[in-house]
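Here is a short briefing to read with the sequence and the fold side by side. Please keep both in view as you go.

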Amino acid sequence: MSLEQALAELADAGLGLTGTLSIEEYDSLVPEPWRSSHLAPGARGALVVGNAGRKLWERFVASPEWLLENDPLDAYTRRVLARSAALCRPAASVGFYADRRDGVYLPLVALARRAGFGAPGRVGVLIHPVYGPWIGIRAVLLVAESFEPREPAAWSPCDGCEAPCVSACHGGLVGASGIDAHECYRVRLTLPECALACDARRACVVGREHAYSAEQIAHHSRIRRAAQS
């Protein structure tokens with residue numbers, strides 16, 4: 001069994017967006033409880049795992065977890081990650097996006113940005129050069145393989161853009177410097193137009209052909225509201 005087989009398993013399940021970090025890069029970005037010395041002593045590299053476009057949702061709705069009442073997508077993702085981690089030799093350690101160690105989460109956005117997933121955009125999420133804002137960051141696998149440090153490609157997704165996201169934001173919160181996440185949450189609770197979708201995100205010109213389905217967008221919106229309430 002090998003990392004290559006694990007990557008193939010992840011891709012087939014809809015978790016084919018991956019990027020690598022040296023273990024030194026990983027440790028420099030995470031809080032102490034998540035350091036490799038605690039999570040996976042002996043690991044030499046980190047694999048950041050995410051989803052892009054619609055494939056994850058398509059695989060999920062065809063899975064047994066689809067019928068679960070509580071956190072079905074997380075249950076599906078955890079199962080896939082555990083199975084993929086077991087394919088590595090030795091087995092990889094998984095840091096899941098929703099898990100906490102000593103009360104703190106993994107800084108997955110920082111890890112994904114360093115691993116080449118994209119750059120911050122006006123709408124408050126990473127923008128991928130191909131998939132635009134239609135990506136998710138799910139986990140990190142700490143593995144035995146080592147990876148060379150590399151600088152992510154320099155890219156500024158919003159430079160030169162006419163910014164349709166600005167006018168599409170019903171709360172008028174998107175600006176040149178980004179978005180106020182706390183105010184955005186307040187607006188989502190009060191404006192029906194923002195309850196199950198973000199029109200500013202849907203207005204992004206990058207990766208429009210990869211946009212999530214309305215059903216998937218509504219699911220993520222409900223989960224986000226529940227987590228922040």
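This is a predicted model: local features need pLDDT of at least 70, side-chain atom pairs count only at pLDDT 80 or more; totals for chains, interfaces and linings use all residues.

Residues are numbered from 1 along each chain as its sequence is written, and side-chain values use heavy atoms, with hydrogens and water left out.

**Overall fold**

- The protein chain holds 10 helices and eight strands; these are DSSP runs numbered from the N terminus, with helices being H or I of at least four residues and strands E of at least two.
- A compact globule of 229 residues would have a radius of gyration near 17 Å, and the 18 Å of the protein chain agrees with that. The radius is taken over C-alpha atoms, and the globule rule is 2.2 Å times the number of residues to the power 0.38.
- The C-alpha trace spans about 50 × 40 × 35 Å along its principal axes.
- Of the 229 residues, 46% count as buried (buried is under 20% relative accessible area, exposed over 50%, partly exposed in between, with a 1.4 Å probe and protein chains only).
- Among contacts with a separation of 6 or more, 75% come from residues 24 or more positions apart; contact means heavy atoms within 4.5 Å.

**Aromatic rings**

- Rings of Phe, Tyr and Trp (its six-membered ring) pair if their centres lie within 6.5 Å; planes under 30 degrees apart count as stacked, over 60 as edge-to-face and the rest as tilted. By this rule there are six aromatic pairs.
- Phe 60 and Trp 66 form an edge-to-face pair, because their ring centres are 5.3 Å apart and their planes stand at 75 degrees.
- Phe 60 is buried at 1% relative accessible area, while Trp 66 is partly exposed at 34%.
- The rings of Phe 60 and Tyr 76 have centres 6.1 Å apart and planes at 50 degrees, so this pair is tilted. Phe 60 lies in helix α4 (residues 55-61) and Tyr 76 in helix α5 (residues 72-87), so the pair ties together parts 16 residues apart in sequence.
- Tyr 76 is buried, at 4%.
- Ring pairs join Trp 57, Phe 60, Trp 66 and Tyr 76 into a cluster.

**Charges over rings**

- Arg 101 lies over the face of Trp 34, 5.5 Å from the ring centre (the rule asks for NZ of Lys or CZ of Arg within 6 Å of the ring centre and within 35 degrees of the ring normal).
- The charged end of Arg 138 sits over the ring of Tyr 97, at 5.8 Å from its centre.

- Leu 3, in helix α1 (residues 3-12), is buried at 6% relative accessible area. Beyond its neighbours within four places in sequence, Leu 3 contacts Leu 47, Cys 88, Val 143, Glu 145 and Phe 147.
- Ile 137 belongs to strand β8 (residues 135-143) and counts as buried at 18%.
- Arg 122 is in the loop between β6 (119-120) and β7 (126-127).
- Which side chain of opposite charge is nearest to buried Arg 122? It is Asp 159, 6.5 Å away, and Arg 122 has no salt bridge (a side-chain nitrogen of Lys or Arg within 4 Å of a carboxyl oxygen of Asp or Glu). Lys and Arg count as positive and Asp and Glu as negative; His and the chain ends are not counted.
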